[in-house]
Amino acid sequence: MFKTSTKVFEDRREIFLKKLNGRAAIIPSSNLVKHHADCEYPFRQDSNFWYLTGFDEPDSIALFLSNKPKGERYILFVAPKDIISEVWHGFRWGIEGAEREFKADKAHSINDFKHLLPAYIGDSEEIVYSIGKNSKIEKIVLDIFSRQLEARSRVGIGANSIKSPEIYLNEMRLIKSDFEINRMREATKISAEAHELVRKSISSKHNERQIQGLIEGFFLEKGARGPAYNSIVASGDNACILHYTSNNSDLTDGDLLLVDAGCSLIDYYNGDITRTIPIGGKFSREQKLIYEIVLEAQKTAIKKSVKGSTSTNVHNAALRILVEGLREIGLLRGDTNQIIEQGLYKHLYMHRTGHWLGLDVHDVGAYRMGEYDIPLQNGMILTVEPGIYISDRIPVPEGQPSIDQKWKGIGIRIEDDILVNETEPEILSIGAKKEISDLEF
Ligand SMILES: [Mn+2]
(Lines give C-alpha, C1' and ligand atoms only; values in the text may rest on other atoms or scores of the structure.)
Protein backbone atom coordinates (compact mmCIF):
# COMPACT_ATOMS: atom_id res chain seq x y z
CA MET A 1 0.00 0.00 0.00
CA PHE A 2 2.94 2.30 0.73
CA LYS A 3 3.66 4.94 -1.91
CA THR A 4 6.11 7.81 -1.83
CA SER A 5 6.74 10.82 -4.12
CA THR A 6 6.66 9.72 -7.77
CA LYS A 7 8.80 12.58 -9.11
CA VAL A 8 12.00 11.22 -7.56
CA PHE A 9 11.51 7.91 -9.34
CA GLU A 10 10.55 9.56 -12.64
CA ASP A 11 13.79 11.55 -12.60
CA ARG A 12 15.84 8.41 -11.92
CA ARG A 13 14.11 6.53 -14.75
CA GLU A 14 14.93 9.38 -17.14
CA ILE A 15 18.63 9.14 -16.30
CA PHE A 16 18.62 5.34 -16.42
CA LEU A 17 16.86 5.30 -19.82
CA LYS A 18 19.40 7.75 -21.18
CA LYS A 19 22.27 5.58 -19.95
CA LEU A 20 20.68 2.49 -21.54
CA ASN A 21 21.13 4.18 -24.91
CA GLY A 22 18.95 1.88 -27.02
CA ARG A 23 19.15 -1.22 -24.82
CA ALA A 24 16.22 -3.00 -23.11
CA ALA A 25 16.51 -3.52 -19.35
CA ILE A 26 14.57 -6.10 -17.34
CA ILE A 27 14.60 -5.45 -13.57
CA PRO A 28 12.63 -7.90 -11.37
CA SER A 29 11.31 -7.21 -7.88
CA SER A 30 12.18 -9.36 -4.86
CA ASN A 31 9.96 -12.29 -4.02
CA LEU A 32 8.61 -13.40 -0.67
CA VAL A 33 10.88 -15.97 0.98
CA LYS A 34 9.51 -18.78 3.10
CA HIS A 35 10.50 -18.71 6.77
CA HIS A 36 8.76 -21.90 7.91
CA ALA A 37 5.56 -23.79 7.03
CA ASP A 38 3.38 -21.19 5.28
CA CYS A 39 4.96 -18.17 7.00
CA GLU A 40 7.23 -15.77 5.15
CA TYR A 41 10.05 -13.43 6.12
CA PRO A 42 9.03 -9.76 6.10
CA PHE A 43 9.04 -8.52 2.49
CA ARG A 44 12.13 -6.58 1.46
CA GLN A 45 12.01 -5.02 -2.00
CA ASP A 46 15.00 -5.38 -4.34
CA SER A 47 17.00 -2.15 -4.03
CA ASN A 48 17.48 -1.60 -7.78
CA PHE A 49 13.80 -2.27 -8.48
CA TRP A 50 12.82 0.09 -5.67
CA TYR A 51 15.28 2.76 -6.81
CA LEU A 52 13.64 2.88 -10.23
CA THR A 53 9.96 2.22 -9.44
CA GLY A 54 9.05 3.03 -5.82
CA PHE A 55 6.75 0.02 -6.15
CA ASP A 56 6.72 -2.07 -2.99
CA GLU A 57 5.15 -5.36 -4.09
CA PRO A 58 6.65 -8.77 -4.83
CA ASP A 59 5.95 -10.59 -8.12
CA SER A 60 6.65 -7.54 -10.28
CA ILE A 61 9.02 -6.77 -13.13
CA ALA A 62 10.02 -3.40 -14.60
CA LEU A 63 10.90 -3.25 -18.28
CA PHE A 64 12.78 -0.28 -19.73
CA LEU A 65 12.77 0.18 -23.49
CA SER A 66 15.21 2.97 -24.23
CA ASN A 67 14.88 2.63 -28.03
CA LYS A 68 11.13 3.39 -27.93
CA PRO A 69 9.54 6.86 -28.12
CA LYS A 70 8.48 8.70 -24.95
CA GLY A 71 5.31 7.19 -23.50
CA GLU A 72 6.28 3.62 -24.47
CA ARG A 73 9.47 3.17 -22.49
CA TYR A 74 8.47 2.12 -19.00
CA ILE A 75 6.45 -1.10 -18.66
CA LEU A 76 5.44 -2.66 -15.33
CA PHE A 77 4.33 -6.25 -14.87
CA VAL A 78 2.48 -6.62 -11.56
CA ALA A 79 0.23 -8.96 -9.63
CA PRO A 80 -3.32 -8.28 -10.89
CA LYS A 81 -6.13 -7.29 -8.50
CA ASP A 82 -7.63 -10.37 -6.85
CA ILE A 83 -10.17 -9.80 -4.07
CA ILE A 84 -9.82 -13.21 -2.42
CA SER A 85 -6.03 -13.09 -2.40
CA GLU A 86 -6.10 -9.51 -1.11
CA VAL A 87 -8.38 -10.52 1.76
CA TRP A 88 -5.72 -13.03 2.80
CA HIS A 89 -2.50 -11.19 1.98
CA GLY A 90 -3.32 -7.49 1.68
CA PHE A 91 -3.91 -4.72 -0.82
CA ARG A 92 -2.38 -4.70 -4.31
CA TRP A 93 -2.21 -1.75 -6.67
CA GLY A 94 -2.99 -3.97 -9.66
CA ILE A 95 -2.56 -3.09 -13.32
CA GLU A 96 -4.57 0.15 -13.23
CA GLY A 97 -2.85 1.30 -10.05
CA ALA A 98 0.57 0.66 -11.59
CA GLU A 99 -0.27 2.98 -14.48
CA ARG A 100 -2.21 5.63 -12.54
CA GLU A 101 -0.17 5.87 -9.33
CA PHE A 102 3.26 4.66 -10.41
CA LYS A 103 3.31 6.28 -13.86
CA ALA A 104 4.01 3.16 -15.91
CA ASP A 105 3.54 3.91 -19.61
CA LYS A 106 1.82 0.54 -19.75
CA ALA A 107 1.17 -2.13 -17.12
CA HIS A 108 0.32 -5.81 -17.52
CA SER A 109 -0.35 -8.82 -15.36
CA ILE A 110 2.82 -10.60 -14.27
CA ASN A 111 1.22 -13.73 -15.73
CA ASP A 112 1.61 -12.24 -19.24
CA PHE A 113 5.33 -11.46 -18.90
CA LYS A 114 6.50 -14.57 -20.71
CA HIS A 115 4.20 -14.03 -23.69
CA LEU A 116 4.65 -10.28 -24.07
CA LEU A 117 8.40 -9.96 -23.51
CA PRO A 118 9.59 -11.19 -26.97
CA ALA A 119 7.62 -8.50 -28.84
CA TYR A 120 8.75 -5.76 -26.44
CA ILE A 121 12.48 -6.50 -26.67
CA GLY A 122 12.57 -7.94 -30.22
CA ASP A 123 14.32 -4.95 -31.80
CA SER A 124 16.80 -4.12 -29.01
CA GLU A 125 20.47 -4.74 -29.77
CA GLU A 126 21.29 -5.70 -26.21
CA ILE A 127 19.41 -6.97 -23.17
CA VAL A 128 20.25 -5.58 -19.73
CA TYR A 129 19.57 -8.15 -17.03
CA SER A 130 21.28 -9.24 -13.82
CA ILE A 131 22.28 -12.91 -14.13
CA GLY A 132 22.21 -15.21 -11.10
CA LYS A 133 19.66 -13.51 -8.88
CA ASN A 134 16.20 -14.73 -9.81
CA SER A 135 16.15 -18.22 -11.33
CA LYS A 136 12.48 -18.14 -12.37
CA ILE A 137 12.68 -14.89 -14.35
CA GLU A 138 16.16 -15.74 -15.58
CA LYS A 139 14.91 -18.90 -17.25
CA ILE A 140 12.28 -16.91 -19.17
CA VAL A 141 14.75 -14.21 -20.19
CA LEU A 142 17.42 -16.70 -21.33
CA ASP A 143 14.88 -18.79 -23.26
CA ILE A 144 13.68 -15.73 -25.16
CA PHE A 145 17.22 -14.47 -25.65
CA SER A 146 18.46 -17.77 -27.10
CA ARG A 147 15.46 -18.00 -29.45
CA GLN A 148 16.11 -14.44 -30.65
CA LEU A 149 19.79 -15.18 -31.06
CA GLU A 150 18.92 -18.07 -33.32
CA ALA A 151 16.48 -15.97 -35.37
CA ARG A 152 18.93 -13.07 -35.56
CA SER A 153 21.04 -14.88 -38.11
CA ARG A 154 18.00 -14.99 -40.41
CA VAL A 155 16.05 -11.80 -39.66
CA GLY A 156 19.00 -9.57 -38.81
CA ILE A 157 17.61 -7.95 -35.66
CA GLY A 158 17.44 -8.87 -31.97
CA ALA A 159 19.78 -8.83 -29.00
CA ASN A 160 23.12 -10.57 -29.31
CA SER A 161 24.38 -10.01 -25.78
CA ILE A 162 23.31 -9.53 -22.17
CA LYS A 163 24.78 -6.80 -20.03
CA SER A 164 24.53 -6.23 -16.27
CA PRO A 165 22.31 -3.32 -15.08
CA GLU A 166 24.71 -2.80 -12.20
CA ILE A 167 27.07 -1.01 -14.60
CA TYR A 168 24.55 1.84 -14.80
CA LEU A 169 22.74 1.63 -11.47
CA ASN A 170 25.73 1.28 -9.15
CA GLU A 171 27.18 4.46 -10.55
CA MET A 172 23.86 6.29 -10.06
CA ARG A 173 23.24 4.97 -6.56
CA LEU A 174 26.76 5.70 -5.30
CA ILE A 175 26.18 9.47 -5.51
CA LYS A 176 23.23 10.44 -3.33
CA SER A 177 20.82 13.16 -4.51
CA ASP A 178 19.57 15.87 -2.13
CA PHE A 179 16.40 13.83 -1.65
CA GLU A 180 18.44 10.78 -0.66
CA ILE A 181 20.74 12.76 1.62
CA ASN A 182 17.66 13.95 3.51
CA ARG A 183 16.35 10.42 3.85
CA MET A 184 19.79 9.27 5.05
CA ARG A 185 19.76 12.10 7.60
CA GLU A 186 16.46 10.74 8.88
CA ALA A 187 17.67 7.10 8.98
CA THR A 188 20.90 7.99 10.78
CA LYS A 189 19.13 10.35 13.19
CA ILE A 190 16.70 7.65 14.36
CA SER A 191 19.57 5.15 14.55
CA ALA A 192 21.69 7.55 16.63
CA GLU A 193 18.77 8.23 18.97
CA ALA A 194 18.38 4.49 19.55
CA HIS A 195 22.06 4.28 20.57
CA GLU A 196 21.53 7.19 22.95
CA LEU A 197 18.60 5.33 24.47
CA VAL A 198 20.90 2.36 25.14
CA ARG A 199 23.55 4.60 26.67
CA LYS A 200 21.03 6.20 29.01
CA SER A 201 19.20 3.06 30.11
CA ILE A 202 21.93 0.45 30.14
CA SER A 203 22.02 0.18 33.94
CA SER A 204 18.39 -0.96 34.03
CA LYS A 205 18.91 -3.73 31.46
CA HIS A 206 20.02 -7.24 32.35
CA ASN A 207 20.70 -8.98 29.08
CA GLU A 208 21.57 -8.40 25.44
CA ARG A 209 18.09 -9.34 24.23
CA GLN A 210 16.51 -6.55 26.27
CA ILE A 211 18.87 -4.05 24.67
CA GLN A 212 17.95 -5.40 21.23
CA GLY A 213 14.26 -5.01 22.11
CA LEU A 214 14.85 -1.44 23.25
CA ILE A 215 16.60 -0.48 20.01
CA GLU A 216 14.31 -2.24 17.59
CA GLY A 217 11.18 -1.12 19.45
CA PHE A 218 12.42 2.45 19.12
CA PHE A 219 12.92 1.99 15.35
CA LEU A 220 9.32 0.87 14.98
CA GLU A 221 8.00 3.60 17.25
CA LYS A 222 9.71 6.15 14.99
CA GLY A 223 7.99 4.71 11.92
CA ALA A 224 10.96 2.85 10.49
CA ARG A 225 10.47 -0.54 8.87
CA GLY A 226 12.73 -2.12 11.49
CA PRO A 227 16.42 -2.91 11.82
CA ALA A 228 18.48 -2.47 8.63
CA TYR A 229 20.37 -5.70 9.43
CA ASN A 230 20.45 -8.14 12.33
CA SER A 231 21.29 -5.97 15.33
CA ILE A 232 24.56 -6.94 17.02
CA VAL A 233 24.28 -6.60 20.80
CA ALA A 234 27.49 -8.13 22.10
CA SER A 235 28.69 -7.90 25.67
CA GLY A 236 32.17 -8.88 26.87
CA ASP A 237 33.98 -11.41 24.71
CA ASN A 238 30.94 -11.73 22.37
CA ALA A 239 32.11 -8.43 20.84
CA CYS A 240 35.10 -10.29 19.38
CA ILE A 241 32.67 -12.20 17.14
CA LEU A 242 32.22 -9.69 14.32
CA HIS A 243 28.75 -10.83 13.22
CA TYR A 244 27.47 -11.94 16.63
CA THR A 245 23.66 -11.87 16.52
CA SER A 246 22.60 -14.46 19.14
CA ASN A 247 22.12 -11.58 21.59
CA ASN A 248 21.33 -13.99 24.43
CA SER A 249 23.96 -13.34 27.13
CA ASP A 250 23.45 -11.62 30.45
CA LEU A 251 25.22 -8.29 30.94
CA THR A 252 28.06 -8.27 33.48
CA ASP A 253 29.33 -5.20 35.31
CA GLY A 254 32.86 -4.40 34.23
CA ASP A 255 32.35 -5.76 30.71
CA LEU A 256 31.89 -3.62 27.63
CA LEU A 257 28.78 -3.70 25.46
CA LEU A 258 29.21 -3.36 21.70
CA VAL A 259 26.02 -2.43 19.84
CA ASP A 260 26.04 -2.34 16.03
CA ALA A 261 22.54 -1.39 14.89
CA GLY A 262 20.73 0.92 12.51
CA CYS A 263 17.20 1.31 11.25
CA SER A 264 15.76 0.88 7.78
CA LEU A 265 13.23 3.54 6.87
CA ILE A 266 9.92 2.74 5.21
CA ASP A 267 11.60 3.60 1.87
CA TYR A 268 14.62 1.42 2.69
CA TYR A 269 17.31 4.03 3.50
CA ASN A 270 19.57 2.68 6.23
CA GLY A 271 21.59 3.78 9.22
CA ASP A 272 24.58 1.75 10.43
CA ILE A 273 26.12 2.82 13.75
CA THR A 274 28.33 1.06 16.32
CA ARG A 275 28.98 2.21 19.85
CA THR A 276 30.87 0.41 22.62
CA ILE A 277 30.04 1.41 26.19
CA PRO A 278 31.04 0.25 29.69
CA ILE A 279 28.21 -1.77 31.25
CA GLY A 280 28.83 -0.66 34.83
CA GLY A 281 29.50 2.96 33.85
CA LYS A 282 33.31 2.80 34.21
CA PHE A 283 36.03 1.68 31.79
CA SER A 284 38.81 -0.46 33.26
CA ARG A 285 42.36 0.78 32.61
CA GLU A 286 42.84 -1.72 29.75
CA GLN A 287 39.43 -1.04 28.21
CA LYS A 288 40.07 2.68 28.28
CA LEU A 289 43.48 2.34 26.60
CA ILE A 290 41.99 0.33 23.75
CA TYR A 291 38.96 2.63 23.45
CA GLU A 292 41.20 5.69 23.16
CA ILE A 293 43.18 4.07 20.34
CA VAL A 294 40.05 3.11 18.39
CA LEU A 295 38.47 6.54 18.92
CA GLU A 296 41.59 8.35 17.73
CA ALA A 297 41.82 6.03 14.70
CA GLN A 298 38.18 6.71 13.89
CA LYS A 299 38.44 10.50 14.21
CA THR A 300 41.57 10.56 12.05
CA ALA A 301 39.90 8.39 9.41
CA ILE A 302 36.79 10.61 9.39
CA LYS A 303 39.03 13.62 8.67
CA LYS A 304 40.29 11.74 5.61
CA SER A 305 36.72 11.24 4.34
CA VAL A 306 36.84 14.29 2.11
CA LYS A 307 36.38 15.00 -1.57
CA GLY A 308 39.35 13.71 -3.56
CA SER A 309 40.47 11.25 -0.88
CA THR A 310 39.75 7.51 -1.30
CA SER A 311 38.32 4.73 0.83
CA THR A 312 41.82 3.23 0.90
CA ASN A 313 43.17 6.48 2.39
CA VAL A 314 40.43 6.34 5.01
CA HIS A 315 41.30 2.74 5.87
CA ASN A 316 45.05 3.35 5.92
CA ALA A 317 44.69 6.38 8.20
CA ALA A 318 42.75 4.32 10.75
CA LEU A 319 45.04 1.31 10.43
CA ARG A 320 48.20 3.30 11.12
CA ILE A 321 46.80 4.76 14.35
CA LEU A 322 45.55 1.33 15.47
CA VAL A 323 48.92 -0.31 14.83
CA GLU A 324 50.88 2.47 16.50
CA GLY A 325 48.59 2.41 19.53
CA LEU A 326 48.82 -1.36 19.84
CA ARG A 327 52.62 -1.14 19.60
CA GLU A 328 52.73 1.42 22.39
CA ILE A 329 50.84 -0.82 24.79
CA GLY A 330 52.87 -3.88 23.82
CA LEU A 331 50.26 -5.86 21.88
CA LEU A 332 52.25 -5.50 18.64
CA ARG A 333 56.01 -5.45 18.17
CA GLY A 334 58.28 -4.09 15.46
CA ASP A 335 58.27 -1.43 12.77
CA THR A 336 54.81 0.07 12.01
CA ASN A 337 55.26 -0.09 8.23
CA GLN A 338 56.44 -3.68 8.39
CA ILE A 339 53.52 -4.70 10.62
CA ILE A 340 51.10 -3.11 8.14
CA GLU A 341 52.77 -4.50 4.99
CA GLN A 342 52.96 -8.03 6.38
CA GLY A 343 49.46 -7.93 7.95
CA LEU A 344 50.87 -8.79 11.39
CA TYR A 345 47.95 -6.93 13.05
CA LYS A 346 45.19 -9.10 11.60
CA HIS A 347 44.62 -11.15 14.76
CA LEU A 348 43.49 -7.87 16.38
CA TYR A 349 41.91 -5.97 13.45
CA MET A 350 40.57 -8.17 10.69
CA HIS A 351 38.16 -6.03 8.66
CA ARG A 352 38.17 -2.95 6.45
CA THR A 353 37.44 0.45 7.97
CA GLY A 354 34.18 1.12 6.13
CA HIS A 355 31.77 0.66 3.25
CA TRP A 356 29.28 2.66 1.18
CA LEU A 357 25.88 3.12 2.82
CA GLY A 358 22.47 3.78 1.25
CA LEU A 359 19.57 1.61 0.09
CA ASP A 360 21.81 -1.36 0.83
CA VAL A 361 23.69 -1.38 4.12
CA HIS A 362 26.79 -2.44 2.22
CA ASP A 363 25.77 -0.19 -0.63
CA VAL A 364 26.64 -0.67 -4.29
CA GLY A 365 29.46 1.03 -6.14
CA ALA A 366 33.12 0.30 -6.80
CA TYR A 367 35.83 1.22 -4.31
CA ARG A 368 38.54 0.79 -6.92
CA MET A 369 39.00 -0.13 -10.56
CA GLY A 370 41.86 -2.59 -10.40
CA GLU A 371 44.78 -0.57 -9.07
CA TYR A 372 42.97 2.76 -9.37
CA ASP A 373 41.14 3.96 -6.24
CA ILE A 374 37.84 5.75 -6.87
CA PRO A 375 38.12 9.29 -5.47
CA LEU A 376 35.53 10.33 -2.89
CA GLN A 377 32.98 12.79 -4.29
CA ASN A 378 30.26 15.03 -2.89
CA GLY A 379 27.13 13.01 -2.15
CA MET A 380 28.89 9.75 -1.32
CA ILE A 381 28.02 8.24 2.07
CA LEU A 382 30.40 5.84 3.78
CA THR A 383 30.80 4.30 7.20
CA VAL A 384 34.03 4.72 9.20
CA GLU A 385 34.33 1.85 11.65
CA PRO A 386 37.73 0.82 12.98
CA GLY A 387 37.90 -1.66 15.84
CA ILE A 388 40.16 -3.81 18.01
CA TYR A 389 39.14 -7.33 19.04
CA ILE A 390 41.33 -9.14 21.54
CA SER A 391 40.73 -12.85 21.92
CA ASP A 392 42.76 -16.01 21.49
CA ARG A 393 40.67 -17.30 18.59
CA ILE A 394 43.15 -16.24 15.90
CA PRO A 395 46.72 -17.37 16.61
CA VAL A 396 49.23 -14.60 17.28
CA PRO A 397 51.54 -14.27 14.21
CA GLU A 398 55.12 -15.44 14.67
CA GLY A 399 57.32 -12.79 16.25
CA GLN A 400 54.37 -10.88 17.76
CA PRO A 401 53.83 -10.72 21.56
CA SER A 402 51.54 -13.26 23.18
CA ILE A 403 48.43 -11.69 24.71
CA ASP A 404 48.22 -11.23 28.46
CA GLN A 405 44.97 -12.42 30.06
CA LYS A 406 44.06 -8.88 31.20
CA TRP A 407 43.42 -7.81 27.59
CA LYS A 408 41.33 -10.77 26.52
CA GLY A 409 37.64 -10.30 25.90
CA ILE A 410 37.95 -6.64 24.97
CA GLY A 411 36.16 -5.96 21.68
CA ILE A 412 35.66 -2.36 20.62
CA ARG A 413 34.33 -0.83 17.41
CA ILE A 414 33.16 2.74 16.83
CA GLU A 415 31.20 3.40 13.65
CA ASP A 416 29.75 6.59 12.19
CA ASP A 417 28.02 7.38 8.91
CA ILE A 418 29.77 10.08 6.90
CA LEU A 419 28.56 12.27 4.06
CA VAL A 420 31.32 13.53 1.78
CA ASN A 421 30.84 17.27 1.34
CA GLU A 422 32.47 20.14 -0.47
CA THR A 423 34.17 21.13 2.78
CA GLU A 424 34.23 19.15 6.05
CA PRO A 425 32.90 15.59 6.18
CA GLU A 426 29.43 15.60 7.74
CA ILE A 427 28.96 13.05 10.52
CA LEU A 428 25.32 12.04 9.97
CA SER A 429 25.31 9.89 13.13
CA ILE A 430 26.71 12.65 15.33
CA GLY A 431 23.76 12.34 17.74
CA ALA A 432 25.19 9.13 19.21
CA LYS A 433 27.79 10.16 21.79
CA LYS A 434 31.18 8.46 21.85
CA GLU A 435 33.53 10.45 24.13
CA ILE A 436 34.69 8.57 27.22
CA SER A 437 33.31 11.34 29.44
CA ASP A 438 29.85 10.82 27.90
CA LEU A 439 29.92 7.05 28.35
CA GLU A 440 31.02 6.88 31.98
CA PHE A 441 28.59 7.51 34.79
MN1 LIG B 1 28.96 -1.01 9.00
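This is a predicted model: local features need pLDDT of at least 70, side-chain atom pairs count only at pLDDT 80 or more; totals for chains, interfaces and linings use all residues.

Reader: Which residues have the most contacts inside the largest nonpolar core?
Author: They are Phe64, Leu76, Val78, Ile127, Leu322, Tyr345 and Ile388, in a core of 115 residues. A nonpolar core is a set of buried Ala, Val, Leu, Ile, Met, Phe, Trp, Tyr and Cys residues joined through C-beta atoms within 7 Å. Helix α11 (residues 311–328) gives the most to this core, namely eight residues. At least three residues come from each of domain 1 (6–171) and domain 2 (175–439). In soluble globular proteins, nonpolar side chains tend to be buried together.

Reader: What makes glutamate 385 a buried residue?
Author: A residue is buried if 20 or more other C-beta atoms lie within 10 Å of its own, exposed if 12 or fewer, and partly exposed in between, with C-beta atoms placed from the backbone. Glutamate 385 has 23 other C-beta atoms within 10 Å, and therefore counts as buried. Glutamate 385 is located in the loop between β16 and β17 (387–390). Of the 441 residues of the protein chain, 42% count as buried.

Reader: Which residues does glutamate 385 touch, leaving aside those up to four places away in sequence?
Author: They are Thr274, Thr353, Gly354, Arg413, Ile414 and Glu415. Contact requires that the C-beta atoms of two residues, placed from the backbone, lie within 7 Å. With the exclusion of residues up to four places away in sequence, valine 78 touches Glu57, Ser60, Trp93, Gly94, Ile95, Ala98, Ala107 and Ile110.

Reader: Why is strand β1 described as largely enclosed?
Author: Five of the five residues of β1 (residues 24–28) are buried, so the strand is largely enclosed by the rest of the structure. Ala24, Ile26 and Pro28 point one way, and Ala25 and Ile27 the other way. Helices (H or I, at least four residues) and strands (E, at least two) are DSSP runs, numbered from the N terminus.

Reader: Which strands are joined to β1 by bridges?
Author: Two strands pair if DSSP finds at least two bridges between them. Five bridges join β1 to β4 (residues 61–65), and these strands run antiparallel; proline 28 has isoleucine 61 as its bridge partner in β4. Two bridges join β1 to β7 (residues 127–128), which run parallel, and alanine 24 is partnered there by isoleucine 127.

Reader: Why are β16 and β20 called edge strands of their sheet?
Author: The open sheet has the order β16-β19-β20, with antiparallel pairing. β16 (381–384) and β20 (426–427) each have a single partner strand, so one side of each is left without a neighbour in the sheet.

Reader: How do you know that the overall size agrees with a compact globule?
Author: The radius of gyration is taken over C-alpha atoms, and the globule rule is 2.2 Å times the number of residues to the power 0.38. For 441 residues a compact globule would have a value near 22 Å, and the protein chain has 25 Å, which agrees. Along its principal axes the C-alpha trace spans about 75 × 50 × 40 Å.

Terms used: Residues are numbered from 1 along each chain as its sequence is written. Domain bounds come from an automatic or database domain assignment.
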